[in-house]
Amino acid sequence: MKLKIKRFGYYWLDTWVLANVIQLATQEFCSRYLNHSNDPCGRLYDQMTQAARSAPANIAEGNSRQSTSREAEMRLTDVARATLAELTNDYLNWLLRQEQLPWSTFAQEYRQVAAIPLEKPTYQDDVQYNSSVHILRQKHLFDPWLMKDNSITAAQCMIVLCNRLAMMLGKQIEAQMEAFRQEGGFTEGLTAERLNYRQEQSKENNSPTCPVCGKPMIKRMAKKGINSGKEFWSCSGYPECRGTRNITG
């Protein structure tokens with residue numbers, strides 16, 4: 001079970017679930033309401049469906065990169081948020097083209113849609129199957145607005161969902177940034193592992209201790225200057241500590 005959770009970690013993210021709901025609803029919206037009259041070249045269809053696809057795709061890729069690059073995780077999550085803003089503008093433009101407005105935050109419909117909570121996933125072992133069931137069930141929560149034979153109501157509902165996901169992604173990026181501050185990224189992790197290894201090797205070789213901080217020292221070779229090519233003792237805590245000793249004998 002642990003291996004499956006690690007492999008499909010993003011399946012448990014509410015942001016990924018809602019992004020899939022938005023993708024499905026956008027594909028449905030475009031199929032029902034875009035035609036040769038209002039989208040003669042099919043460009044709007046392509047742009048909206050591609051933007052909707054980009055959100056769950058980048059959330060998934062970002063989460064999958066978590067163990068190797070916190071920076072990539074944050075960058076891809078931010079890409080998901082940016083493409084979501086593009087999709088929101090397409091729905092807003094659809095309303096304005098028909099001289100309609102998005103719901104006010106004080107409107108009853110807005111409050112009803114915004115108040116619907118997502119259910120917590122309980123996938124057990126069959127992750128991909130059960131997550132698909134879960135996503136469809138979450139989408140059906142919004143069907144009273146999405147499935148009306150009215151593109152205006154559907155677009156108004158989609159704007160609320162897009163704004164909701166954008167806020168969730170903002171909080172997710174903040175959490176990722178905090179994790180990066182505390183744990184560092186892949187490069188920092190490699191550096192820590194390399195320093196730990198060097199310190200252990202220094203202890204085994206009975207190397208001297210640093211005159212500045214007291215940590216074990218390791219042999220390095222000067223790469224430039226008058227001592228270029230000569231070995232010297234360097235603190236294993238470099239670059240935080242720059243203590244050195246000459247090698248005698």
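Colleague: Where does Asn 58 lie, and what makes that stretch a helix?

Modeller: Asn 58 lies in helix H3, residues 43–64. Helices are DSSP runs of H or I with at least four residues, strands are runs of E with at least two, and both are numbered from the N terminus. The model is predicted, so local features need pLDDT of at least 70 and side-chain atom pairs 80 or more, while totals for chains, interfaces and linings use all residues. Residues are numbered from 1 along each chain as its sequence is written, and side-chain values use heavy atoms, without hydrogens and water.

Colleague: Why does Asn 58 count as buried?

Modeller: Its relative accessibility is 11%. Buried means under 20% relative accessible area, exposed over 50%, and partly exposed in between (1.4 Å probe, protein chains only). Asn 58 is therefore buried.

Colleague: Which residues does Asn 58 touch?

Modeller: Leaving aside residues up to four places away in sequence, Asn 58 touches Leu 76, Val 79 and Ala 80; contact means heavy atoms within 4.5 Å.

Colleague: How do you know that Cys 213 is in no disulfide?

Modeller: The structure holds 0 disulfides. For Cys 213, the nearest cysteine sulfur is that of Cys 235, 3.5 Å away. Cys 213 has a relative accessible area of 39%, which means partly exposed.

Colleague: What makes E1 and E2 paired strands?

Modeller: Two strands pair if DSSP finds at least two bridges between them. E1 and strand E2 (residues 231–235) have 5 bridges, in the antiparallel sense, so they pair.

Key. A disulfide is a pair of cysteine sulfur atoms within 2.5 Å.
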